[in-house]
Amino acid sequence: MADEQMAGTGLTPRPLDAVDRQILGILQTDGRASVRSVADRVHISRASAYARINRLVDDGVIRGFSARVDHERAGQGASAYVTLKIVQNTWRTVREQLQQLPGATHIALVSGDFDVLLLVHTADNRALRELVLTRIQSIPEVLSTRTLLVFEETDLHPTP
């Protein structure tokens, strides 16, 4: 590889130009946008749009396509951020266990007063209590938790 810029190799990613950034903006707003629609909106050919989107996927810039869910309408009326303090150097083990939890939608290793930030969605407060007090606190590497209830959320990428 003359120019070692491949996804997943730990090498420097290819730089994004203005058209790539426009494509990303469109797909973040509407992940179901057709290649033709994307091409028309950024004023490039469909073949070029298709190639650019595939490159963004291959390079790992686009990690996937998904639906934004209204959790309350989907029967998950309780949402919370759970902060965790964990035993030092156990992040990978804890992450694997948290990924198995029902309703876990985002896990981040962070700095500050706690080590992990976890976003969960459950049917109700009873299910949330069960998840935190029984499932999360039973993980041996978890030293403590703090639960922050979400009263309202705003999606920063509104649907068109």
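A nonpolar core here is a set of buried Ala, Val, Leu, Ile, Met, Phe, Trp, Tyr and Cys residues joined through side-chain atoms within 4.5 Å. Buried means under 20% relative accessible area, exposed over 50%, and partly exposed in between (1.4 Å probe, protein chains only). Two housekeeping notes: this is a predicted model, where local features need pLDDT of at least 70, side-chain atom pairs count only at pLDDT 80 or more, and totals for chains, interfaces and linings use all residues. Residues are numbered from 1 along each chain as its sequence is written, and side-chain values use heavy atoms, leaving out hydrogens and water.

**Stop 1: the largest core.** Select Val 82, Leu 84, Ile 86, Leu 98, Leu 118, Val 120 and Ile 136: these have the most contacts inside the largest nonpolar core, which has 17 residues. β1, α4, β3 and α5 each give two or more residues to this core.

**Stop 2: helix α5.** Show residues 125-136 and pick out the buried ones: Leu 128, Leu 131, Val 132 and Ile 136. They sit on the same side of α5, because they cover an arc of only 85° around the axis, taken from the directions from the helix axis to the C-beta atoms. Among the elements covering them are β1 (78-86), α4 (91-99), β3 (116-122) and β4 (142-149). At the N-terminal end, Asp 124 is the cap, with a side-chain oxygen 3.2 Å from the backbone nitrogen of Arg 126.

**Stop 3: helix α3.** Which residues of α3 are buried? Select Ala 49, Arg 52, Ile 53, Arg 55 and Leu 56. Their arc around the axis is only 160°, so they lie on the same side of α3. These buried residues pack against α1 (18-29) and α2 (35-42).

**Stop 4: His 121.** Go to strand β3 for this one. His 121 is buried, with a relative accessible area of 2%. Its side chain makes a polar contact with that of His 71 at 3.3 Å, and another of 3.4 Å joins it to the side chain of Thr 105. (A polar contact is a pair of N or O atoms within 3.5 Å; within protein, one must be able to donate a hydrogen and the other to accept it, and residues adjacent in sequence count only if both atoms are side-chain atoms.)

Methods:
Helices (H or I, at least four residues) and strands (E, at least two) are DSSP runs, numbered from the N terminus. Contact means heavy atoms within 4.5 Å.
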